[in-house]
Amino acid sequence: MTIGSIKPVKEKKSRKNKQPIVDEKSPLLPTKHGDGGGFDELNGASFSGAVFNLSTTIVGAGIMSLPATMKILGLILGIAVIIFMAFLTEASIELLLRFSRTSKSVSYGGLMGDAFGKCGRMLIQICVLINNIGVLVVYMIIIGDVLSGTTSNSLRYTSALSVALAVVFLVITVGITLFKLINGTVLMPRLLPDVTNLTSFLNLFTVVPVLVTAYICHYNVHSIDNELDDNTQIKGVVRTALALCSSVYVMTSVFGFLLFGDATLDDVLANFSADLGIPFGSLLNDTVRVSYAAHLMLVFPIVFYPLRLNLDGLLFPSARPLASDNLRFASLSIALISVVFLGANFIPSIWDAFQFTGATAAVCIGFIFPAAITLRDRYGVATKRDKILSIFMIVLAVFSNLIAIYSDAYTLFKNGPSHRE
């Protein structure tokens with residue numbers, strides 16, 4: 001996959017944006033220096049560190065619902081849609097980065113503000129709040145189901161470890177599936193969707209919000225770009241991260257569906273609480289559940305960072321940078337964690353959370369807003385191809401998610417709300 005042509009920048013981008021409301025270049029976690037208790041920015045990030053950070057933003061709890069999308073779409077169509085979404089995500093990020101270079105914006109909010117004024121900046125902040133609260137609620141649901149505890153937040157190594165833990169989950173799943181395939185205990189999976197009536201056809205679109213959420217990373221791209229020593233490396237970072245995550249997604253979806261078939265649950269992690277029918281099955285179940293819960297705990301601060309930053313921008317638009325105000329930093333953190341915790345206790349399943357955030361805030365962040373910025377084209381840099389692609393993204397996003405919302409609402413009123421296993 002290619003990220004397109006982004007003009008190289010010889011010097012680091014300036015903090016002085018047209019609307020320096022929030023310090024978007026503040027580090028993901030503030031670090032103190034000296035005896036004065038002040039704060040420094042992170043040192044320039046390496047290519048591999050940036051790839052791990054972006055990959056960690058992408059691969060979250062959404063991967064747990066991907067095998068369930070295979071149950072709906074079938075293996076062939078499911079794999080095709082996952083790969084298609086990766087290319088579409090890359091295209092939308094390329095548009096964001098190209099227009100950011102032109103407008104000298106150092107954040108998604110700054111870019112929206114440049115294109116649509118104060119209302120545009122506020123709209124992206126609200127969408128990030130909704131999306132990230134929903135994602136973190138899902139994290140808390142899964143963590144609460146498996147274990148509790150705390151972990152340190154050294155982001156460079158935390159991101160690498162979190163990706164490694166996701167790979168541990170994948171390796172164990174692949175190993176169990178191959179063992180059962182050799183023993184002949186795995187049934188032939190459904191290759192194509194089972195469409196028998198209008199309701200089953202509309203149900204196909206319910207996978208769209210899940211896939212949209214699975215690839216959302218746009219709100220962290222600028223932060224990662226700002227921390228790179230060489231700004232021109234961002235296109236390679238995005239390409240590498242998406243290629244890595246797409247590979248993990250495809251393998252998890254295929255082998256998860258192969259392993260559990262039509263018994264695949266909305267949260268495939270819940271399938272690992274049953275008897276796998278293999279030697280050391282109980283130990284492998286615990287390893288899978290604990291390793292992925294640990295992965296989510298390590299991802300938590302990376303998703304939490306833009307959530308806290310955007311809430312601060314909405315509530316305190318003229319205040320000094322958040323990283324330099326310990327009281328405001330702690331107060332916002334405690335309040336947001338409390339909201340996430342309460343949400344995790346009242347939302348019945350991760351599928352419900354993904355359906356809501358994916359069909360509303362996530363689709364705006366990932367596709368509608370980048371396309372709208374391109375069509376606005378304040379600096380006259382959009383090509384005809386860019387505008388056609390933008391129209392396609394908006395039409396596809398609105399059409400598919402409206403159908404998904406309708407299908408979910410129909411199912412809800414007909415069968416009642418789903419419940420976590």
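The stretch is residues 147-152, and the model has nine contacts for it beyond four places in sequence.

**Entry: confidence**

A reminder to myself: this is a predicted model. I checked the average next, and the protein chain comes out at a pLDDT of 78, with 82% of the residues scoring at least 70. Then I went through the elements. Helix α3 (residues 75-103) has the highest mean pLDDT, 91, while strand β2 (residues 38-40) has the lowest, 37.

**Entry: aromatic pairs**

How many aromatic pairs does a search of the whole structure find? My search gave five. I wrote up two of them.

The rings of Phe205 and Phe399 have centres 6.0 Å apart and planes at 90°. I call this pair edge-to-face because the planes are over 60 degrees apart. Phe205 sits in the loop between α6 and α7 (207-215), and Phe399 belongs to helix α13 (residues 384-415). The two are 194 residues apart, so I noted the pair as a link between distant parts of the chain. Are these two residues buried or partly exposed? Phe205 counts as buried at 17% relative accessibility, whereas Phe399 is partly exposed at 47%. I also found that ring pairs link Phe201, Phe205 and Phe399 into a cluster.

My other pair is Tyr215 with Tyr249, whose ring centres are 5.3 Å apart and whose planes meet at 75°, so this pair is edge-to-face. Tyr215 lies in helix α7 and Tyr249 in helix α9 (residues 234-260). They are 34 residues apart, and this pair links distant parts of the chain. Tyr215 and Tyr249 are both buried.

**Entry: a nonpolar surface patch**

Which residues form a nonpolar patch on the surface? I found Ile76, Met188, Leu191 and Leu192, with about 420 Å² of accessible area together. I followed up on Leu191, which is found in the loop between α5 (155-182) and α6 (198-203). Leu191 has 36% relative accessibility, so I logged this residue as partly exposed.

How values were computed
Residues numbered from 1 in each chain as written. Predicted model: local features only at pLDDT ≥ 70, side-chain atom pairs only at ≥ 80, totals over all residues. Heavy atoms only, no water. Patch = residues over 30% accessible without salt bridge, like charges linked within 9 Å, V, L, I, M, F, W, Y side chains within 5 Å. Areas by Shrake-Rupley, 256 points an atom, 1.4 Å probe, with all protein chains shown as cover. Salt bridge = Lys/Arg side-chain N within 4 Å of Asp/Glu carboxyl O. Helix = DSSP H or I, 4+ residues; strand = E, 2+ residues; numbered from the N terminus. Buried < 20%, exposed > 50% of the residue type's maximum accessible area, 1.4 Å probe, protein only. pLDDT = per-residue confidence, 0-100. Contact = heavy atoms within 4.5 Å. Phe/Tyr/Trp six-rings, centres within 6.5 Å; stacked < 30°, edge-to-face > 60°.
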